[in-house]
Amino acid sequence: MKKIVFACLLLFQVFVSLGQEQYQPTKENLQHRKWFEEARFGVFIHWGVYSVLGDGEWVMNNQNFGLAEYELLPRFFNPIDFDAREWAKLFKQSGAKYITFTTRHHDGFSMWHTKQSGYNIAEATPFKRDIVKELVDACRKEGIKVMFYYSLLDWKRDDYLPFGRTGKGIIGRDSTKGNWDGYIGFMKNQLTELLTNYGKIDGIWFDGHWDKPNADWHYKEIYSLIHRLQPQCLVGNNHHIAPIAGEDFQMFERDLPGHNTTGFGTKAEDIGALPKEVCGTIAGSWGFDIKDRKRKTFKEVLSYLIKAGGHGSNLLLNVGPMPNGAIQDYQQERLREIGGWLKKYGASIYGTEAGGISPTDDYAFTRKGDVVYLHVLNTQLRALHVAGFATNVKSITSFDAKDKIDYKLEGSNLQVSLPVQKVDEPYVLIINTK
């Protein structure tokens, strides 16, 4: 009997040890995940010294700059038109609940006054102001939460070497100075600054894992550091693979969950149970591109927001400010247009869950309790046919509930007669299930 008891105790200790090795999110973290899932819309901001060249955020790699050449850019970076308060007001008008700002992109330049390197906005530019601080303060005043993008990949530092998949044509790097542990330490020190000096931060958005997919990124140390400094802080990683222990949300780059139309995205079988976020652009590129001719229409970006919601995901919509610190007029216009739509139909997006049927180019469903929201994306249709609608329908009305909508539900096949719209933009009908 004693042997049995001893064996049980030993087995229990093994289970406890294994459990301690697994990530257990705190109460604060779980509450923040709930906030994140309900937020549904955020603004992504890609901005750095690369904007001076007007050729996107990958210009250092794509044009094979030499280090000495690229290091001249900070001297030209003097964004005298940057006004964090005006940015924050714009984001508020857009209906966004949070922003994600590129504190450091792949070129290694830091947009805050870091003590880990002189290659930063306060020391290497004539601007000499801490943009991160100003933006965080302004967004907080508008009630907008703040997340930080942070690049794992670095095209400047020698301790990052040997090369990964990118940056091989950048001139002036010394592969004999590679020091992976030193580089990991550098990142941990910078993350400590970001999570210590700027108050409550709502999330860290990592990018660049794919440059060295087989490297030991020390995620357990890094994620534990973040959660120790700020337990509520959500961790996400744009690695395009299944979630790793310690992560709190899963993102999908330029793609809806499970679609992988880009070819480099997350496979359907790698989608986890974490909160989801789709990220996309208003322009063709993330960073400012003066020759960008792929500007998305209001209907395109709005449809993306709605489809993301139909998948139970947030949309993080990107703007790429110009080197003078101003956001291009057409990008401001898109944000305000979305804000205007959300003022009317926001209840069909904020705080909702996936509608149970995969969105199409014609429609998308979201749900909140006993109410299902039918978003009509193709406004030219006079009738809608949906197969596989396995939900009871008591009535269908216009969004303001003033008009009843004719419908027919036979088994799981739903047919809806659509009203004529005066404006060619997606609209919402309410399906009452009880």
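Predicted model: local features only at pLDDT ≥ 70, side-chain atom pairs only at ≥ 80, totals over all residues.

In which sense, parallel or antiparallel, do strand S1 and strand S8 pair, and over how many bridges? Strand S1, residues 41-45, and strand S8, residues 313-319, pair in the parallel sense over five bridges, where pairing requires that DSSP finds at least two bridges between two strands. Within this pairing, Leu315 in S8 is the bridge partner of Phe41.

Residues are numbered from 1 along each chain as its sequence is written, and side-chain values use heavy atoms, with hydrogens and water left out.

Helices (H or I, at least four residues) and strands (E, at least two) are DSSP runs, numbered from the N terminus. S1 and S8 belong to an open sheet of eight strands with parallel pairing, in the order S5-S4-S3-S2-S1-S8-S7-S6. Its edge strands, each pairing on one side only, are S5 (234-237) and S6 (250-253).

Turning to the helices, H8 (residues 180-194) and H9 (residues 219-229) pack at about 15°, their axes 10 Å apart; axes are lines fitted to C-alpha atoms, for helices over the stretch in contact (heavy atoms within 4.5 Å), and angles run from 0 to 180 degrees between N-to-C directions. H8 and H9 are therefore roughly parallel to each other, a label for angles under 35 degrees, with over 145 counting as roughly antiparallel, 65 to 115 as roughly perpendicular and the rest as oblique. Met187, Lys188, Leu191 and Thr192 in H8 meet Glu221, Ile222, Leu225 and Leu229 in H9.
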